[in-house]
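Subject: Structure handover

Hello,

Please find the structure below.

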Amino acid sequence: MSHRLPAPSAVFTALVFVFLYLPIGIVVLNSFNADEALLGWGGFTTQWYSQAFSNSRVRDDFVTSLQVALASTAISLVIAVTAGLWMRRASTRARRALDATTYMRIVLPEVVVALALFLVLRRYEIPLGVPAIVAGHVIFNSAYATLIIQARLATMTDVLEEAAADLGASPVRTFRRVTLPLLMPAVIVAALLTLSFSFDDVVTSLFLGGPNAETLPVLLLGLIRLHVTPEVNAIAVGVTAITMVTFGLAAAVMSIRDAAGVRTGQVDPATLEAEEAK
Amino acid sequence: MVSASRSPAVDPATDAPGRRRSWRVALLAPGLLWTLIFFVVPLVVMVVYSFGQIDIITFQTTFGWTLDNYRRLANDIYLHTILRSLEMSIGATIGCLLVGYPVAYTIARQKGRTQTLLLLGVMVPFWTSFVVRTYAWVNLLSNDGLVTRALRGLGLESDSSQLIYTPTAVTIGIVYTYLPLMVLPLYVALERIDPQLLQAASDLGAGWFGRFRRVVLPLSMPGVIAGCILVGVPATGEYVIPAILGGDKTLMYGNVVANQFLKVGDYPFGSALAVSLMLLVTGFLLITRGRLARAEEIT
């Protein structure tokens, strides 16, 4: 089949790729454009980057973004791993119920979910800010993380854990020495994805940050609506680079995991021996 | 996915049932508590608010179980904005389908490395920052932007008009941003089609259009529906893309809801708008889920 490629659809696909890359390409190009009005190519410069890096608001917002991303990822992972382990032994009905709440957190419009939280915080006069953003990000991030962890757990048998328990390992030790290592690839993928979702989020960060906390994408949104400057392009490229690296790493880990799929699911005798020795 | 039958095995770690149960509750607690406190309770509060009333002078909310907020929603201005917003999200979903289908088909017909590279090529733009992806179109669609100038050159756009801050700009932005979410499920469905079926159709005298309409399209229906869900649902509640490419002129549903909370401060009416949006999305999902199940049964 591969040689009977219909020419029109191949040409169309090529055009779509131009459509996909041209806009971002222009942003990257303009971030190095010395022409301040961005009307044409004014020569190569890195001055917009140095301007952006020395801008204290950009640096503060970067720190805020990082705090939010790390906190929401840590909490989401705890929720995902515990929920996943609980689901393994839950009845079908209980599992369906929890599955439904997981899906709802993803499919309901983020605008609605974030505004509902905003409403409650306003009503009880709880200040907006970083903790509020984290609370909001964990809602969807923990749902994505749960799906990833669950998918991994579904492919794992509990033979190893039973063996560890038979050999006298406590539940905590069994989890730490057997379950968690087996889950690790999924935990890493979930961590990278939630980090980038959180770092990239606008809606929840904008609504729940209030005047007290601003993340980089929220700053960018404000700057764009004000007017476009070359510095905005430099910040945009910086933000994009961060999200792209985390997403790319997640994809890389996933494909490594796929390639080594059989191996990671296999009995690791060393673990068992180690447990036996204790 | 999770449905793989797993016998309710006895937890080997402990024998005391009481201790086991407390362990299990401890595992359920973090997720359940977070979901209850930050998700379920706020949504319930929002539903209650949507039946409340706000005093315009004191900004005090009273709860009288009135339907006024929902009646106001049927008001001309809001209904018009909401319908136009839905038009944009439906248009963008169809746009994604029309653009994404040939791409997914082309990728599905490739093999090995080429296929992986093309798939990656579709996915990589999706990894870039969401705001930046939308922002990238500000340049192109603005008055002296590349796309506007090209359209003028072709005589498709008059000199005075500009594309940015129009429904067209917002629709283009949504198609651009969500295209990978359409291509992936389409690719999965198309890749599964046995080439021998096409060969058989060909032998029986079907032309390329006949093969497409009678074989490829019906077999790819699960992908089409899944793609429309993945694009249509977020597009309906979109906020960022219209905020950037629609300016103050072209608002979508999500922006109207947010404005009521953040700018006007009318929480009861905002809640009624939000609850309606939620019902709309849930209704769409329930309908398409049934369709998806049926389409998967056929293939």
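This is a predicted model: local features need pLDDT of at least 70, side-chain atom pairs count only at pLDDT 80 or more; totals for chains, interfaces and linings use all residues.

Residues are numbered from 1 along each chain as its sequence is written, and chains are lettered from A and ligands numbered from 1 in the order in which they are written.

Confidence

The model has an ipTM of 0.87 and a pTM of 0.87. For single residues the score is pLDDT, the predictor's confidence in each residue, from 0 to 100. Chain A has a mean pLDDT of 87, with 90% of its residues at 70 or more. For chain B the mean is 86, and 90% of its residues reach 70 or more.

Please treat two stretches with care. In chain A, residues 261-272 stay under 50 in pLDDT, and the model gives them nine contacts beyond four places in sequence. Here, two residues are in contact if their C-beta atoms, placed from the backbone, lie within 7 Å. In chain B, pLDDT is under 50 over residues 1-15, for which there are 22 contacts beyond four places in sequence.

Chain A has 13 helices and zero strands, whereas chain B has 13 helices and two strands. Helices (H or I, at least four residues) and strands (E, at least two) are DSSP runs, numbered from the N terminus.

Of the 278 residues in chain A, 44% are buried; in chain B, buried residues make up 40% of 299. A residue is buried if 20 or more other C-beta atoms lie within 10 Å of its own, exposed if 12 or fewer, and partly exposed in between, with C-beta atoms placed from the backbone.

Taking contacts with a separation of 6 or more, residues 24 or more positions apart account for 77% in chain A and 70% in chain B.

One residue in a loop of chain A is Val228(A), which sits between helix 10 (216-226) and helix 11 (230-259). Val228(A) is partly exposed because 17 other C-beta atoms lie within 10 Å.

Contact between the chains

Chain A puts 71 residues into the contact and chain B 69 residues. On the side of chain A that touches chain B, the largest share, twelve residues, comes from helix 1 (residues 7-30) of chain A. That side has 49 nonpolar, twelve polar and ten charged residues. Ala, Val, Leu, Ile, Met, Phe, Trp, Tyr, Cys and Pro count as nonpolar, Asp, Glu, Lys and Arg as charged, and the others, Gly among them, as polar.

Helix packing

Two packed helices are described by the angle between their axes and the distance between the axes. Axes are lines fitted to C-alpha atoms, for helices over the stretch in contact, and angles run from 0 to 180 degrees between N-to-C directions. Angles under 35 degrees count as roughly parallel, over 145 as roughly antiparallel, 65 to 115 as roughly perpendicular and the rest as oblique. A crossing is left-handed if the near helix is turned anticlockwise from the far one by less than a right angle, and right-handed if clockwise.

- Between the chains: the axes of helix 5 (residues 110-123) of chain A and helix 13 (residues 267-298) of chain B come within 10 Å and cross at roughly 150 degrees. The two helices are therefore roughly antiparallel, and the crossing is left-handed. Helix 5 of chain A contributes Val112(A), Leu115(A) and Leu119(A), and the residues from helix 13 of chain B include Tyr267(B) and Met278(B). By class, this contact has seven nonpolar, one polar and no charged residues.
- Within chain B: helix 3 (residues 76-108) and helix 7 (residues 167-191) have axes that come within 6 Å and cross at roughly 40 degrees. These helices are therefore oblique to each other, in a right-handed crossing. Their contact has 22 nonpolar, four polar and two charged residues.
- Within chain A: the axes of helix 3 (residues 56-89) and helix 8 (residues 171-200) come within 9 Å and cross at roughly 140 degrees, and the crossing is right-handed.

Regards
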